[in-house]
Amino acid sequence: MTNLVEIRGLTVEATTDSGRWIQILKGIDLDIAAGETVAFIGESGSGKTTAAMTLLGYARPGCRISGGTVKVDGHDMVTLSEKERSALRGTTVAYVPQSAAAAFNPAATIMDQVIEVTRIHGLMPPDEARRRAVALFRALSLPDPDGIGDRYPHQVSGGQLQRLAAAMALIGDPKVVIFDEPTTALDVTTQVEVLRAFKAVTAQRRVACVYVSHDLAVVAQIADRIMVLRNGEVQETGSVHDILTRPTHPYTKELLHAFHPDAGGRTAAPVSDDSAPLLEINTLSAGYGPPQSNGQPLVLAVKGVSLQVKRGTNLGIIGESGCGKSTLARSIAGILPACKGDIQFNGKELWHSARQRSHDQLRDLQIVFQHADTALNPAKSIEDILGRPLTFYHGLRGRARDARVDALLDMVRLPRALRHRRPAELSGGQKQRVNFARALAAEPKLILCDEITSALDTVVAAAIIDLLKELQRELGLSYVFISHDLSVIEAICDEIIVMYRGQTVETIVPAARQQPQHPYSKLLFSSVPKLDPTWLDTLDLDPERMRVA
């Protein structure tokens with residue numbers, strides 16, 4: 001069998017703040033045959049994305065490929081000139097990014113961007129490129145394949161945009177494709193659709209794939225082999241079956257153990273049935289767009305939701321993309337003022353708009369956003385980002401502020417040396433921990449966590465869950481935890497609310513081993529990938545479950 005990818009002795013170096021070069025990839029060897037998918041697994045900072053990007057002959061700013069060979073279809077990407085590499089990118093080797101939303105130009109139509117590769121490389125006439133794009137849209141199970149190309153990126157869902165990014169990569173008929181965590185931010189039902197589409201198209205075209213991920217269950221569905229990385233070194237390589245059932249390296253065993261966060265170890269603060277809830281919302285409605293004649297916004301995303309959070313307890317909110325769960329969190333935080341209903345917090349009524357809330361109310365109710373890339377100011381250092389709420393809420397300055405910044409970094413298990421760096425110099429997992437540390441700086445009573453572990457690897461996510469439990473015990477915190485990861489929700493939440501089309505359809509209590517009863521809840525729970533390579537192929541999702549009674 002011919003290998004399309006042959007990597008031998010690959011080393012990559014990065015420069016430190018002091019200008020010293022250190023190895024971050026250390027002697028990687030790998031072969032990938034046509035039609036084979038190899039997954040790179042490892043925690044944040046392990047080097048998996050760095051290793052994958054060398055197939056494009058690319059190293060991030062501040063890094064360099066310092067040794068070894070990276071042959072793609074016989075071309076050594078290390079020794080080629082930049083012009084020669086550019087000729088191969090998009091035609092021989094292509095890349096599907098983690099965040100499709102950041103990869104698309106919001107000002108250009110989807111079709112123009114998908115066929116851009118064919119124009120740059122002069123592969124075919126525009127009309128033929130459009131026909132090929134439509135064929136790819138159909139193969140990737142996109143709705144309205146003939147018309148979706150005329151839309152703009154903001155007019156399609158996240159799952160659709162991720163598949164369109166794959167179409168953009170595949171239109172140049174590459175022999176090797178890099179998938180860089182393409183389903184990380186997708187809900188479970190959308191993830192199933194995207195994985196099936198990726199698997200079908202790459203198998204049909206006999207493409208050699210590198211699939212970068214921290215989700216072992218996802219990798220189990222799409223990969224043939226797994227390479228486990230840690231600190232830039234290969235810990236173990238083997239078939240999916242061998243890695244999942246007979247791991248030999250302790251780190252691989254740790255990854256498998258972290259796949260199911262420990263639900264034990266958290267003791268909720270004692271509360272009585274008649275105690276006043278910390279947070280109570282009644283028939284809350286919110287949405288987007290100009291107000292209509294009935295006083296409601298043009299698009300009503302949250303429709304009459306009611307819930308309670310008692311002190312020292314946690315509430316989970318799950319549902320697919322577009323169900324209104326993030327809109328609900330933004331309304332509770334006052335970022336998107338609700339159009340109807342009321343919010344009671346800590347015994348007092350909250351104004352719908354954060355602008356009208358008191359200083360103490362703002363401090364006591366914090367939100368951690370899903371996308372740290374857009375939540376953190378790229379022009380500010382981590383020290384400034386964490387220092388601002390310390391000064392705003394607590395009046396800390398000088399040495400007192402510096403000491404507290406160090407303490408916050410310790411709390412979220414980040415090196416203190418990162419305080420002088422900017423967000424772009426951190427990994428995705430590190431940025432999300434800074435995002436969480438900023439909320440902790442206010443010393444709140446309740447934190448709204450909007451998908452805060454979705455971009456984290458299993459080991460770091462499990463550590464974050466343990467950290468949340470520990471902080472809850474020490475500080476008496478409460479959380480509203482929004483996620484599409486049911487294992488995370490079940491590990492930390494006392495109650496789970498299932499949302500569908502802006503409404504709550506069911507409440508589940510994990511401690512009572514309560515099984516979902518609503519058809520949509522059953523769909524969500526059955527869509528969670530299992531550590532079984534046959535799960536995706538044998539999954540039969542009944543479309544009738546999608547109908548809400």
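Guide: Happy to. Two strands pair if DSSP finds at least two bridges between them. Strands (E, at least two residues) and helices (H or I, at least four) are DSSP runs, numbered from the N terminus. Strand 19 (residues 495-500) and strand 20 are an example, joined in the antiparallel sense over five bridges. This is a predicted model, where local features need pLDDT of at least 70 and side-chain atom pairs count only at pLDDT 80 or more, while totals for chains, interfaces and linings use all residues. Residues are numbered from 1 along each chain as its sequence is written, and side-chain values use heavy atoms, with hydrogens and water left out.

Visitor: Which residue is the bridge partner of Val498 in strand 20?

Guide: That is Glu506.

Visitor: And what is the order of the six strands in the open sheet?

Guide: The order is 16-17-18-13-19-20, with mixed pairing. Strand 16 and strand 20 (503-508) stand at the edges with a single partner strand each, so one side of each has no neighbour in the sheet. From one strand to the next, the twist averages 20 degrees.

Visitor: What about strand 17, which strands does it pair with?

Guide: Strand 16 (residues 365-368) pairs with strand 17 in the parallel sense over four bridges, and Ile367 stands opposite Leu448 there. Strand 18 (residues 478-482) also runs parallel to strand 17, joined by five bridges. Cys449 has Phe481 of strand 18 as its bridge partner.

Visitor: How many residues of strand 17 are buried?

Guide: Five of the five (residues 446-450), so strand 17 is largely enclosed by the rest of the structure. Buried means under 20% relative accessible area, with exposed over 50% and partly exposed in between (1.4 Å probe, protein chains only). Leu446, Leu448 and Asp450 lie on one side and Ile447 and Cys449 on the other, and both faces are covered.

Visitor: Nice. Which strands does helix 20 lie across?

Guide: Helix 20 (residues 519-526) lies across strand 13 (314-318), strand 19 and strand 20, at about 105 degrees to strand 19. Axes are lines fitted to C-alpha atoms, for helices over the stretch in contact, and angles run from 0 to 180 degrees between N-to-C directions. Contact means heavy atoms within 4.5 Å.

Visitor: New topic: at what angle do helix 15 and helix 16 pack?

Guide: Helix 15 (residues 382-394) and helix 16 (residues 398-411) pack at about 110 degrees, with axes 10 Å apart. They are therefore roughly perpendicular to each other. The classes are under 35 degrees for roughly parallel, over 145 for roughly antiparallel, 65 to 115 for roughly perpendicular, and oblique for the rest.

Visitor: Which residues make that contact?

Guide: Helix 15 contributes residues including Ile382, Leu386 and Leu390, and among those from helix 16 are Arg401, Val405 and Leu408.
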